[in-house]
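Student: Could you take me on a close look at one helix and the strands around that part of the chain? I would like one connected walk through it.

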Amino acid sequence: MANETLIALVTGANKGIGLEIARQLARAGVLVLIGSRDVERGSAAAALLSSEGGRAKFIRLDLNDHSSIEAAAETIRTEHNRLDILVNNAGIVDAEDGPPSSGSPEAARRIIDTNFIGTLAVTQAMLPLLRQAPTARIVNLSSSLGSLTVNGDPNSPYYSARLIGYNASKAAVNMLTVQLAAELRGTSIAVNSVSPGYVKTDLTGHTGFMTAEEGARLPVKYALLGEDAVSGQFVEPGGTTPW
Ligand SMILES: NC(=O)c1ccc[n+]([C@@H]2O[C@H](COP(=O)([O-])OP(=O)(O)OC[C@H]3O[C@@H](n4cnc5c(N)ncnc54)[C@H](OP(=O)(O)O)[C@@H]3O)[C@@H](O)[C@H]2O)c1
C-alpha cells in the first residue's frame, strides 16, 4: 500500500484555486479527480492537467445536486474503492449578499446551501471511501472571513468585510471541521480548515494579493500531511487563525 498512488477528489477543480490545487497534487504524483458541475469545463481541466503530465480525471459533481454527489461517490467506489484526500474547495459568493442589516436573506440561503450544506453532503458521501484509505486527509477551504474572532476585531483588516451570507457559510464550514475532527479522533482521518489567503480569482473579481498558484499551496500542504497529521486546525498562510 505504501507505494500505491494517492487518490484525491477536489471539488470545484475546473478553475481558480481548485484547479491549482489539482495541478499541484497531480505534480506530486497524486491521481486527481477533477470535481466539476459542468461537463465541458471539468473535462477541459482534466485534459489540461493530463497534457501537463499529471494523472487527472473529470468527475461530475454539483454541490447543489445530491444525486450527482451520490453518483460521484459510487463511481469512486467502483473504480478505486477508496479515497485518500478530499479537498472541499467549491464555493460561491453572491452579488446580493451584504451586511446583516440589508444583505439578501435569499442570497444567504443560496450561499449557505452551496458552501456549507453542499460541503457537508459531499463529506458524508465520501467518508466511507476515506475510511477505506490507510490514512486520509480532508481539507475544507475556509476563509478568515469565517472567523468569529476576526469579524469582532476592529483592528482586523477583515473587520469591515460584512458579508453575512458568505462569512456565516465559512463559520459553518469551520464548525464542520471542529465537530468532524472530534468525531474522527482516534482514526487515521485528519480534517482541517484552510484559508488560502486573498487570491485573484473570479470569486474576488481578480482583486486580492496572491495568484491562484500561491493560494493553492497551503491547501495542498494540508492535503499531503504525513503521519501524525494535525486535525481540527484553522490555518491561513500566516499561521493559525482564531476560530
Ligand atoms: N479567492 C479568495 O481570495 C478566497 C479566499 C478565501 C477562501 N476562498 C475559497 O476558496 C474556494 C475556491 O474559490 P476561488 O477563489 O477559486 O473561486 P472561483 O474561481 O470562483 O472557483 C469556484 C469553483 O467552485 C465551483 N462551484 C461553485 N458552485 C458549485 C457547485 N454548486 N457545485 C460544484 N462546484 C461549484 C465553480 O464551478 P463553476 O466554474 O461551474 O462556477 C468553480 O470551479 C472557495 O471555497 C472560496 O470560498 C477563496
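Tutor: Just after H1, Gly29 has a positive phi of about 95°; helices (H or I, at least four residues) and strands (E, at least two) are DSSP runs numbered from the N terminus. Before going on, note that this is a predicted model, where local features need pLDDT of at least 70, side-chain atom pairs count only at pLDDT 80 or more, and totals for chains, interfaces and linings use all residues. Residues are numbered from 1 along each chain as its sequence is written.

H1 itself has 12 residues and reaches 17 Å from its first C-alpha to its last, close to the 16 Å expected at 1.5 Å a residue, that is, 1.5 Å times one less than its number of residues. Because 11 of those 12 residues are buried, H1 is largely enclosed by the rest of the structure. Here buried means that 20 or more other C-beta atoms, placed from the backbone, lie within 10 Å of a residue's own. Among the buried residues of H1 are Gly16, Leu19, Glu20 and Arg23.

Now to the strands. Strand S2 (residues 31-36) is mostly covered too, with 5 of its 6 residues buried. S1 (residues 7-10) runs parallel to S2, joined by 4 bridges; strands pair if DSSP finds at least two bridges between them. From S1 the chain passes through H1 (residues 16-27) to S2, a right-handed β-α-β crossover: with the strands pointing away from the viewer, the path from the first strand over the helix to the second runs clockwise.
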